[in-house]
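Trainee: Could you go through this one with me before I start making notes?
Mentor: Gladly; have a look at it, and then ask whatever comes to mind.

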Amino acid sequence: MNGSIQITEAALASLIGLTAHEIPGVVGMAPSNLKEGLSRVLGRANVSDGVVISRDGAKYVADLYVVVAYGVSIPTVARNIVERVEHTVKTQAGIDLSAARVHAVGVQRV
């Protein structure tokens with residue numbers, strides 16, 4: 001069988017966003033830019049909101065913009081996000097990330 005599988009950046013961002021939402025201490029994702037913020041205000045939120053995928057040579061870099069729960073250890077939550085995202089992307093998409101960077105952009109009481 002001579003076929004190939006291509007995973008789009010949008011699919012990768014969705015997978016990463018869903019994975020990040022599963023981490024205890026993550027309240028939600030934050031808009032990474034003005035356009036995304038306007039879409040959210042207009043009611044068009046997406047599971048990939050708060051995830052920006054870019055290229056680093058042949059590999060991908062994932063930037064995640066998260067809001068964490070008040071009272072949690074932000075470094076611990078960030079480390080858990082990175083570990084889970086890297087594992088999930090590797091096992092479910094067969095992709096090694098060059099980096100997964102977490103940006104804690106807000107804290108919220110839950």
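Predicted model: local features only at pLDDT ≥ 70, side-chain atom pairs only at ≥ 80, totals over all residues.

Trainee: How many helices and strands does the protein chain have, and what pattern do they follow along the sequence?
Mentor: The protein chain has 3 helices and 4 strands, and reading along the sequence gives the pattern α-β-α-β-β-α-β.

Trainee: And what share of the residues counts as buried?
Mentor: Of the 110 residues in the protein chain, 37% count as buried. The chain exposes about 6,700 Å², with carbon and sulfur atoms supplying 53% of that area.

Trainee: What about contacts between residues at least 6 apart in sequence, how many of those join residues at least 24 apart?
Mentor: For the protein chain that share is 70%.

Trainee: Changing topic, which residues form the nonpolar patch on the surface?
Mentor: The patch is formed by Tyr70, Val72, Ile74 and Val107, which together have about 350 Å² of accessible area. Ile74 belongs to helix H3, which covers residues 74–93.

Trainee: Why is Ile74 classed as partly exposed?
Mentor: Because its relative accessible area is 35%, and that value falls between the limits of 20% for buried and 50% for exposed.

Trainee: Back to Tyr70, what lies over the face of its ring?
Mentor: Arg109 does, at 4.4 Å from the ring centre of Tyr70.

Trainee: How many aromatic pairs does a search of the whole structure find?
Mentor: The count is 0 aromatic pairs for the whole structure.

Trainee: Now Gly50, where does that sit, and is Gly50 buried or exposed?
Mentor: Gly50 is in the loop that runs between helix H2 (34–41) and strand S2 (51–56). Gly50 counts as buried because its relative accessibility is 0%, which is under the 20% limit.

Trainee: How far apart are the C-alpha atoms of Gly50 and Ala30?
Mentor: They are separated by 5.0 Å, although Gly50 and Ala30 are 20 residues apart along the chain.

How values were computed: Residues numbered from 1 in each chain as written. Heavy atoms only, no water. Patch = residues over 30% accessible without salt bridge, like charges linked within 9 Å, V, L, I, M, F, W, Y side chains within 5 Å. Areas by Shrake-Rupley, 256 points an atom, 1.4 Å probe, with all protein chains shown as cover. Salt bridge = Lys/Arg side-chain N within 4 Å of Asp/Glu carboxyl O. Helix = DSSP H or I, 4+ residues; strand = E, 2+ residues; numbered from the N terminus. Buried < 20%, exposed > 50% of the residue type's maximum accessible area, 1.4 Å probe, protein only. Phe/Tyr/Trp six-rings, centres within 6.5 Å; stacked < 30°, edge-to-face > 60°. Lys NZ or Arg CZ within 6 Å of the ring centre and 35° of its normal. Contact = heavy atoms within 4.5 Å.
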